[in-house]
Structure formats: C-alpha cells, structure tokens
Amino acid sequence: MHDKTTELIHHPYQAPAGFAAPQLGVYKASTVIFANTAELRSRDWKHKTGYTYGLHGTPTTFALEERLCALEGGLQCLLTCSGLAAVALVNMALLRAGDEVLIPSNAYGPSKALAEGELAAWGIGHQLYDPLQPADLAAKISAKTKLVWLEVPGSVSMEFPDLPALLRVCRAANTAQRSIVTALDNTWGAGLAFNAFDVLAEGGLGSAVVGADISIQALTKYPSGGGDVLMGSVVTRNEALHLRLKATHMRTGMGVGAKDVEAVLRSLPSMALRYAAHDAAGRALAQWLSTQPEVAQVLHPALPGAPGHAHWQQLCRSGQAAGLFSVVFQPRYSPAQVDAFCDALRLFKLGFSWGGPMSLVVPYDMPSMRGKAWPYAGVLVRFSLGLEAVADLQADLQAALAQMA
Ligand SMILES: *Cc1c(COP(=O)(O)O)cnc(C)c1O
C-alpha cells in the first residue's frame, strides 16, 4: 500500500472511453507521458501522429488547428500566443540577414513596428509598398525579396487592394533561384468573406486560381468573439512550408493555453452568424453616418465610393465584410472636438482590438501614421461594431454628434 499522496498521484482509475458531448474535453499538459522508452525515443513532434510535449500539441490544440484549416481551406495550422506572434513567427521562419520583406504601407501598425525594430536589428531589410498600386509592389521586388505581406483591407484606413493583382505580381517575379512567399493577414476576412488560398485571378496572367501561401489570423478578433482571448493562427497548404514554420514555432517555444483554445473552439460554431450580424450593423451605421453633415467620408469597403470598393466586390463574392469601418470628420472639427465626440459615446467604448460583443471606437492621428500620402484633412475615427441593437448604437452616435455642434 502506498502513501496517500502517492496513491492520489498514481491513482489507477480510468474513466470509460467514449464520452460524447457537444464540446471536446480540454487537455492540459506540459509533460506528456510515454508508454515506454522505445516510444519516447521514436517521438515525432512534426506530425499529428502522437504527443511529445505540451508545446508541440495536445488533443485540444490539434482539434482547433484542424477546424481552422477547415475554415480557411488550408491543410496545416500552427497556433501562436497572439495575432502579432503569428506575424512574428512567419518573419522569423522565412527571413535571414540580408533578406528583404515587403509590407503594405497601410498594414497593421505593430507588424510594421516589428520590421522597424527586431527585423532591422537582425539585418533583415523591409520596404513599404502602396498596396493600391500593384506596379509599386512590382518595382520594389528585388533579388533580396523573400517574403511579401498582404493585408485586406488596409488597417484603420480600410482601402481594399486588388489582391489577385498583387499575388500575380509576386508569382511573376519568381525565378528558378528564388520563390517569393506571400503571407496574407486575413484577420478582417476571418476565413469567411473570401478564401485566402483560392483568390480567383480574373483574366490577366492566366485565369488560373491563385492564392496566398500563408494566411495568418488574429483569432483574438472574430474567432474568439469575446474580447477576452489573445491568439493567432498560421495556416498553409504546402507541407514543406508548414514544416519550416513549425520548426521555428518549436524552437521559439510559442505555446497557447488550453483554456484559451477551449474558448476559441466554443466560439467558432457561432462565428459565421456573429460575422453576419457585425457586418449588417457596420453597413447600416456606415450608411447612416455617410448622410450626417459632420462626416466628410465613410471608409467601408462594401459601400460604393469607398477606396477599392470594386476590388471588394470582386474578391468577396460572398458579399460579406467585417463589421469595421472608419469615418473622416469634416476638417472644420478639431482633434479636440472629435475626442469630445468619442468621449460622449456611451455604448461605443474606447479601446483597441475588435470582434467582441461590445462596440468600440478609436480616434487615429493618420498623418503621423501614414505621412504625407494621407489624403484627408479631417480627423479619422475607427468604429468596430459589436452585437448591440443597431437602433441603440445609432442613437448613441446621434447624441454624440449633436454635442459637437
Ligand atoms: C489585431 C490584429 C492583429 C494582432 O492581433 P493580436 O492578437 O492583438 O496580437 C494582427 N493583424 C490585424 C489585421 C489585426 O487586426
């Protein structure tokens, strides 16, 4: 007979197999137990054939990876501790000193900061290209270019690029010596608005199906849907590329917590319904704001007249868009007056990120973010629609606009 504590640690009871319920069980582990030394010695962290260590996968993380592959139309997926970490993983896996990465000038700000900080310090160059000018991307590709980032639409400014044209530029620049990897930040589309791996090229260089090599997402946004989880994903269709990414994932120790994975697994089945609701609210309020005298321009890719609207129509054949848009106020309103508008909102809360139940608002200083190329004189405010009733949100906006006068 063992001591009680020993007995508790090594208790022999095994619950019957075959438990079935709507949600999967949650497996938590750093240590994974091997049956014998032969199994320990032949362990394989590269494939989903078994388990080696908590960092390399559990039934819980494998389940989320497979569901995200199904969502995005990919074959392999890696989970990271945030959306930004997914961007960092791709950069670290594919870039070496002397290489160059091309990033859209309207990319998610922290992705650019990563290039300016760590990548530059590691001897990796970067250039920003104008995503609305495929010719600008073509001109900036050089023998050093190993990776091209794509983002749809631009962060905060919401311009919608011609994604097939940008992908064709990258493909046309491939040589026998060097194949450029294309990585799409697909957080806005969430795997719902369009398929990152099957972007139909309309005419042009063969009307074959082209797609990005890598699709990353901030699962923090719509897949989580709660505003309470940070996670990212890196989905690929190419096994060799996946294994390069996986090696870096392993060596840098990028793990995710089982409870966070559980939260995302629980939220995924409702994502399409939530996405449609966020979209409907975003479009209704963007439309309404475009009729208000305080507003100079509404930047929502699904609204006619918005920058890149035709490219949205071409890419998002589902007719879907995220519940996210920006508004440029008339130049007569000072930054302080626009701040007062944001402070007067009661339901829209001031905060970064998006995709959760609560509507959010952030005023941005675009000239300092985008420099001289920024075309509007008024102050920009970005709205992210939650799941509150549209009539309540409209009344909130109306009251805040009224106090600007
Ligand atoms: C939020 C976001 C990220 C980063 O996600 P985090 O999980 O917050 O690090 C990356 N790209 C885009 C487009 C985002 O909106």
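Is Cys342 buried or exposed in this structure? Cys342 is buried, with a relative accessible area of 3%, where buried means under 20% relative accessible area, exposed over 50% and partly exposed in between, computed with a 1.4 Å probe on protein chains only. This is a predicted model, in which local features need pLDDT of at least 70 and side-chain atom pairs count only at pLDDT 80 or more, whereas totals for chains, interfaces and linings use all residues. Residues are numbered from 1 along each chain as its sequence is written, and side-chain values use heavy atoms, with hydrogens and water left out.

**Buried residues in helices and strands**

- Cys342 is placed in helix H12 (residues 335-344); helices (H or I, at least four residues) and strands (E, at least two) are DSSP runs, numbered from the N terminus.
- When neighbours within four places in sequence are left aside, Cys342 is in contact with Leu350, Val361, Pro363 and Val381, contact meaning heavy atoms within 4.5 Å.
- From C-alpha to C-alpha, Cys342 and Gly211 are 39 Å apart in space, and they are 131 residues apart in sequence.
- Phe325 lies in strand S11 (residues 324-329) and counts as buried, because its relative accessibility is 1%.
- Not counting residues up to four places away in sequence, Phe325 touches Met158, Gly282, Leu285, Ala286, Leu289, Val298, Leu299, His300, Val381, Arg382, Phe383 and Leu385.
- His242, in helix H8 (residues 239-251), is buried at a relative accessible area of 3%, and its contacts, apart from neighbours within four places in sequence, are Gln76, Cys77, Leu78 and Thr236.

**Backbone geometry in loops**

- Most residues other than glycine have a negative phi, and most peptide bonds are trans.
- Val152 and Pro153 are joined by a cis peptide bond with omega of about -10°, and Pro153 is in the loop between strand S4 (145-151) and helix H7 (163-172).
- Met158, also found in the loop between S4 and H7, has a positive phi, near 65°, in a residue other than glycine, and Met158 is buried with a relative accessible area of 2%.
- Ala190 is not a glycine but has a positive phi of about 60°; Ala190 is found in the loop between strand S5 (181-185) and strand S6 (199-200) and counts as buried at 0% relative accessibility.

**Packing of helices H3 and H9**

- The axes of helix H3 (residues 59-72) and helix H9 (residues 258-267) come within 9 Å and cross at roughly 35°, the axes being lines fitted to C-alpha atoms, for helices over the stretch in contact, with angles that run from 0 to 180 degrees between N-to-C directions.
- The crossing of H3 and H9 is left-handed, a term that applies if the near helix is turned anticlockwise from the far one by less than a right angle, with right-handed used if clockwise.
- On the H3 side Thr60, Thr61, Ala63, Leu64 and Arg67 meet Ala258, Val261, Val264 and Leu265 in H9.
- By class, this contact of H3 with H9 has six nonpolar, two polar and one charged residues, where Ala, Val, Leu, Ile, Met, Phe, Trp, Tyr, Cys and Pro count as nonpolar, Asp, Glu, Lys and Arg as charged, and the others, Gly among them, as polar.

**Pocket and cavity**

- On a 1 Å grid over the protein atoms alone, a cavity is a set of points where a 1.4 Å probe fits but cannot get out, a pocket is an open set with protein on both sides within 12 Å along at least five of seven lines, and lining residues have an atom within 4 Å of a point.
- The largest pocket holds about 600 Å³ of space, a volume being the space filled by probe spheres set on grid points that are joined across faces, edges and corners.
- The lining of the largest pocket has 33 residues, of which Tyr108, Gly109, Pro110, Ser155 and Lys221 lie nearest its centre.
- H5 gives the most to the lining of the largest pocket, with four residues.
- By class, the lining of the largest pocket has 18 nonpolar, nine polar and six charged residues.
- One cavity of 30 Å³ or more is found in a search of the whole structure, and the largest cavity has a volume of about 60 Å³.
- Val87, Asn91, Ile103, Pro104, Ala107, Ser111, Trp149, Glu151 and Asp185 line the largest cavity.
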